[in-house]
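Please look over the structure below. The report walks through selected features.

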Amino acid sequence: MPVSLSIENLDKRFNGVPALRGVSLDVAPAELVALLGPSGSGKTTLLRAIAGLEEPEAGRVLFDGVDSGTLSLRDRRIGFVFQHYALFRHLTVFENIAFGLRARPRAQRPAEAEIRSRVLALLELVQLEGYDRRFPSQLSGGQRQRVALARALAIEPRVLLLDEPFGALDAKVRKDLRRWLRELHARTGNTTLFVTHDQEEALELADRVAILNGGRIEQVGTPDDVLDHPATPFVCEFLGEANRIPVTVSGGSAYFADRPILRGLTQNQSGCASLFVRPQHVHLAEDGPATLPGRVAAVRRHGAHRRLEVAVNGAPKPVELDIASQEPPAPGETVALRIARGHVFSV
Amino acid sequence: MSEARPFRWREPSILPGFGLAFGVLAAGLSVLILIPLAALVLKAASAGPADIVAIATAPRTIAALRLSFGAAFVAALVNAVFGLLIAWVLVRYRFPGRRFVDAAVDLPFALPTAVAGIALTALWAGNGWLGSLAASFGVKVAYTPLGVMIALIFVGLPFVVRSVQPVLADAQRDVEEASALLGATRWRTVFCVILPNVLPALLTGFTLAFARAIGEYGSVIFIAGNVPMVSEIAPLLIVIRLEQFDYAGAAVVGVLMLAASLVLLLLINALQAWSRRRLGYV
């Protein structure tokens with residue numbers, strides 16, 4: 001049975017430097033949650049604290065409402081997949097996967113025949129049939145990662161924790177494993193947390209994403225939530241590119257140099273603010289009172305699109321936008337920009 | 001049918017330097033090791049077949065060789081256990097005086113062996129600090145094979161500690177954590193996860209300690225008492241024969257030691273190669 005996971009106000013310091021500051025997070029049974037953040041944001045520390053590998057200074061981790069602080073590592077029954085696999089290199093693939101079963105107290109240890117059938121079933125699950133006699137050194141990175149996952153699943157974990165599971169793999173293998181992990185989660189239904197610094201990975205895989213920065217959770221939400229309704233400037237800038245334009249807000253509109261460049265703001269605020277706009281939400285337009293005037297500084301190729309950099313008087317950085325047009329304006333040309341969507345945060 | 005190809009040295013790599021490096025190796029090995037050993041064998045051969053067999057099968061020779069190899073083996077085993085423990089404590093724990101202990105491990109290297117021998121004899125003689133203690137339990141250490149072993153343990157200890165220490169220090173923390181999370185007890189983690197990884201280094205340390213102990217002379221002769229057939233080691237037997245101007249006889253004992261050492265070291269090397277292969281080293 002999948003369990004729920006509840007993290008309450010975790011604090012952790014390393015030599016006085018805070019790594020986690022009052023982190024709280026609730027994970028529903030069978031949910032797949034990504035911990036996303038830049039390096040040093042505390043995401044791996046959080047994962048290790050949940051596993052019991054780090055002792056928090058304050059706060060609790062509850063499994064189905066039971067405080068895990070009183071449980072030994074063994075009794076937590078956590079499947080943990082390490083970034084660098086941490087396979088036992090002196091043991092075969094078979095023995096690696098069987099390790100958790102053999103380590104059980106004698107009374108709960110399955111019989112040899114059952115261990116064998118369980119390990120072979122797991123090998124099939126991770127698509128490594130016939131590799132049971134290999135040693136880890138004879139496997140590729142992706143294969144090792146799958147052995148590590150099978151080893152973690154062998155103990156029938158209550159919670160599955162993955163630390164940068166695809167971090168050490170090349171792009172192609174990453175993509176395949178990502179899709180495969182999604183399917184695996186659908187089949188096994190473990191409550192799963194995984195750490196990543198790759199936003200694309202997090203948004204594609206997870207039911208919900210927790211975005212960490214400086215030891216705090218900035219926002220937790222579905223991929224749509226965090227993309228469409230970023231709660232903080234950090235989330236906005238971390239999830240994809242964003243232009244930052246200084247504006248003044250009043251009466252539900254954002255003004256740049258007295259031009260109302262974005263109307264219909266729902267936030268009830270006024271005064272100085274920053275407007276965050278993604279490049280795909282900026283368009284070329286006829287000059288008018290609600291547009292942003294600028295001069296094209298550069299035109300670059302950006303995948304299938306062209307990326308325009310437009311210098312705007314009064315904005316600290318050129319505004320970037322994507323256009324599909326085959327005939328982009330030339331550098332130096334004067335253009336007007338219309339902003340379709342954006343997020344406003346008070347300064 | 002494949003044609004017989006002319007013999008060629010295996011090309012080690014496209015980078016130059018093999019010829020020079022191998023030339024230096026061959027020359028150095030010849031001057032330092034092979035030529036002296038060949039001279040030893042030649043000298044031994046000059047004794048004549050009958051004498052060689054007589055010396056080799058003399059009870060005193062056999063007893064001395066048995067003591068030298070047996071005591072060296074036991075001493076190396078003891079060192080493997082305690083050396084591993086010392087290395088473990090030095091690597092894993094931070095305690096006051098750790099650096100001092102770390103440095104003290106090398107003392108048996110630096111100390112003249114005769115000094116070590118005299119100190120050990122004074123300590124373990126019937127009226128010494130530890131010797132009198134042992135005597136109260138009815139155990140006689142000095143002037144017995146036990147004393148030989150203690151001297152050999154002393155000189156061999158640093159080899160094991162220094163071989164194992166860097167490997168333990170390099171050990172990946174996450175492998176231990178993985179083991180604990182999979183439900184292994186601490187004992188299981190140590191014996192099934194950590195120690196197998198240290199095994200090749202431990203075997204190296206064991207081999208070095210063993211080889212050193214086989215040839216050890218200075219520290220042993222004081223504490224051994226050198227009673228023929230009981231506590232007389234093979235290197236001493238060689239010295240005795242030299243003092244009697246029986247150079248060929250000394251050479252015969254020397255060749256016997258050489259042959260036995262070579263066979264044992266080859267065996268241990270094979271064991272080591274096997275254990276390293278299992279860990280995925282090439």
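The sections below cover a sheet, its strand pairings, one arginine and a surface patch.

## Model basis

This is a predicted model. Local features are described where pLDDT is at least 70.

## The five-strand sheet

Chain A holds an open sheet of five strands. Their order is E15-E19-E16-E17-E18, and the pairing is antiparallel. Two strands sit at the edges: E15 (282–285) and E18 (319–323) of chain A. Each of these pairs on one side only. From one strand to the next, the twist averages 50 degrees.

As a general point, strands of a sheet pair through backbone hydrogen bonds, either parallel or antiparallel.

## Strand E16 and its partners

Strand E16 of chain A spans residues 292–302, and strand E17 of chain A spans residues 305–311. The two run antiparallel and are joined by seven bridges. A:Arg300 has A:Arg307 in E17(A) as its bridge partner. A:Arg295 is bridged to A:Ala311, also in E17(A).

E16(A) and E17(A) form a hairpin with two residues between the strands. There, A:Gly303 takes a positive phi near 65 degrees.

E16(A) also pairs with strand E19 of chain A, residues 334–339. This pairing is antiparallel too, over four bridges. Within it, A:Pro293 stands opposite A:Ala336 of E19(A).

## A:Arg216 in strand E10

A:Arg216 lies in strand E10 of chain A, which covers residues 216–221. Is A:Arg216 buried, partly exposed or exposed? A:Arg216 counts as partly exposed because its relative accessibility is 43%, and that class lies between the 20% limit for buried and the 50% limit for exposed.

Which residues does A:Arg216 touch, leaving aside those up to four places away in sequence? The contacts are A:Arg21, A:Val23 and A:Ile211. A:Pro279 is 63 residues from A:Arg216 in sequence. In space, the two are 28 Å apart, C-alpha to C-alpha.

## A nonpolar patch on chain B

Chain B carries a nonpolar patch on the surface. Its members are B:Phe18, B:Phe22, B:Leu25, B:Leu29, B:Val31, B:Leu32, B:Ile33, B:Leu34, B:Ile35 and B:Leu37. Together they have about 910 Å² of accessible area.

One of the members, B:Phe18, is in helix H1 of chain B, residues 18–45. B:Phe18 has 35% relative accessibility, so it counts as partly exposed.

Technical notes
Residues are numbered from 1 along each chain as its sequence is written. Chains are lettered from A and ligands numbered from 1 in the order in which they are written. This is a predicted model: local features need pLDDT of at least 70, side-chain atom pairs count only at pLDDT 80 or more; totals for chains, interfaces and linings use all residues. Side-chain values use heavy atoms; hydrogens and water are left out. Patches are made of residues with over 30% relative accessible area and no salt bridge: like charges are joined within 9 Å, nonpolar side chains (Val, Leu, Ile, Met, Phe, Trp, Tyr) within 5 Å. Accessible areas come from the Shrake-Rupley method with a 1.4 Å probe; for residues, only the protein chains shown count as cover. A salt bridge is a side-chain nitrogen of Lys or Arg within 4 Å of a carboxyl oxygen of Asp or Glu. Buried means under 20% relative accessible area, exposed over 50%, partly exposed in between (1.4 Å probe, protein chains only). Two strands pair if DSSP finds at least two bridges between them. Axes are lines fitted to C-alpha atoms, for helices over the stretch in contact, and angles run from 0 to 180 degrees between N-to-C directions. Contact means heavy atoms within 4.5 Å.
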